[in-house]
Amino acid sequence: MCINYAKRWGYGGLFLGDLFAYRSKDPAALYTAQDPVGPDNDVHLRMLQSQAELVVCAWIDTGAYLGRELAVLPFLAAPHCLVKLKSGRPGHPLYKRADLRPVPL
């Protein structure tokens, strides 16, 4: 899904990062994980964004957990999103129209 957006916008590929390094098949497990961010996650996010021509955020309301969006937004260069939720946070691209274009976050 994400690669299709990138291709439609004229990009040859994409990098994917996440506000939280923790992985689980159960989304609720994020809230009980001892260190869901991980010790080096911000280092990797900074590296990814430094190599990207366009930064598109899609962390939904989960981004507010542990203040992650507030910790990450300051080092993202001109962040964009496909849609904004009622909360103002960036929506996830799953089940969104194929013709969406990134807009400033």
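Tutor: Tyr-65 has a relative accessibility of 23% and therefore counts as partly exposed; that class lies between buried, under 20% relative accessible area, and exposed, over 50% (1.4 Å probe, protein chains only). This is a predicted model, in which local features need pLDDT of at least 70 and side-chain atom pairs pLDDT 80 or more, while totals for chains, interfaces and linings use all residues. Residues are numbered from 1 along each chain as its sequence is written, and side-chain values use heavy atoms, without hydrogens and water.

Student: How many aromatic pairs does a search of the whole structure find?

Tutor: Rings of Phe, Tyr and Trp (its six-membered ring) pair if their centres lie within 6.5 Å; planes under 30 degrees apart are stacked, over 60 edge-to-face, and the rest tilted. The search of the whole structure gives a total of three.

Student: Is the pair of Tyr-5 and Trp-9 stacked, edge-to-face or tilted?

Tutor: The ring centres of Tyr-5 and Trp-9 are 5.6 Å apart. Their planes stand at 35°, so the pair is tilted.

Student: What is the relative accessible area of Trp-9?

Tutor: Tyr-5 is buried, at 4% relative accessibility. Trp-9 is also buried, and its relative accessible area is 17%.

Student: Is the pair of Tyr-31 and Tyr-65 stacked, edge-to-face or tilted?

Tutor: The ring centres of Tyr-31 and Tyr-65 lie 4.6 Å apart. Their planes are at 75°, so the pair is edge-to-face.

Student: Which residues form one aromatic cluster?

Tutor: Tyr-31, at 42% relative accessibility, is partly exposed. The cluster consists of Tyr-31, Tyr-65 and Phe-20.
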